[in-house]
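Please work through each task before reading its solution.

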Amino acid sequence: MKNINKESYLKNNLPFFKDLSKNEVEKLFSSSYIQNYSKGEFIYSKDKACTGVLLVVNGQLRSFLSSYSGKEITLFRLFDLDICMLSASCVFQNLTCDINLEAERDSSVIIIDSNFFKDLSSKNINVQNFFLNLTQNKLSEVMNVLEQVVFFSLDNRLSNYLINQYYLNNSNDIYITHDSIANDLGSAREVISRMLKRFEKDNLVKLSRGVIKIVDIEKLKLLCK
């Protein structure tokens, strides 16, 4: 992975950096460090201690909930320049946050110590506002996921998922396993496989090992309505 200038990255990508005092800037630099994670490595889980505030320099992270039976559902993903507060659960008062965070690709992040950030937020209104806005934005993403699960049928959610992958990758060919889709949608692999087979029978997609080819994007869109 390329060399990372931590100080420059924090200065250019933290919206509240310009509102910090010289002393606060020095403490920010000394209370943060660069960490690299390999694909598939856990960064944070409900069984681990408070990690800290994460700033994604490069890579891709996935936040998800998991049950004791092993079932998962993706809450949101983090990409370059994204910031994650939920990995710093000790910043929140009276909040238990049983999420998991893993690297979906080899990733580099800057971690800001939770205790420092908590203290900084309590003393600097600009940091506090940033903290609240970021938390609200992530909460909105999580609520959207819950709304999809509760109020929309699985064929609607699956078709919407495939459409998003189509635009995200700018390709009709989606390289993904049925397991991964099931984990993202909070379903079982067998259920996803059956529904994809139905989509294939209806000439919406074509299935092959590790690849889903979108045949008719417009018909898929009709399932989302």
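**Exercise 1.** Determine whether Glu-218 is buried, partly exposed or exposed, and identify the contact its side chain makes with Lys-221.

*Solution.* Step 1: Glu-218 has 48% relative accessibility and therefore counts as partly exposed (buried is under 20% relative accessible area, exposed over 50%, partly exposed in between; 1.4 Å probe, protein chains only). Step 2: Lys-221, at 28%, is also partly exposed. Step 3: the two side chains meet in a salt bridge, 3.6 Å from N to O (a side-chain nitrogen of Lys or Arg within 4 Å of a carboxyl oxygen of Asp or Glu). Step 4: both residues belong to helix α8, residues 217-223, and are 3 residues apart, about one turn of the helix (helices are DSSP runs of H or I, at least four residues; strands are runs of E, at least two; both are numbered from the N terminus).

The model is predicted: local features need pLDDT of at least 70 and side-chain atom pairs pLDDT 80 or more, while totals for chains, interfaces and linings use all residues. Residues are numbered from 1 along each chain as its sequence is written, and side-chain values use heavy atoms, without hydrogens and water.

**Exercise 2.** Describe the salt bridges of Arg-77 with Glu-104 and Asp-184.

*Solution.* Step 1: the closest N and O atoms of Glu-104 and Arg-77 are 2.7 Å apart. Because Glu-104 lies in the loop between β7 and β8 and Arg-77 in strand β5, this pair ties together parts 27 residues apart in sequence. Step 2: for Arg-77 and Asp-184 the corresponding distance is 2.8 Å. Asp-184 lies in helix α6, so this pair ties together parts 107 residues apart in sequence. Step 3: Glu-104 is buried at 18%, Asp-184 is buried at 8%, and Arg-77 is partly exposed at 23%.
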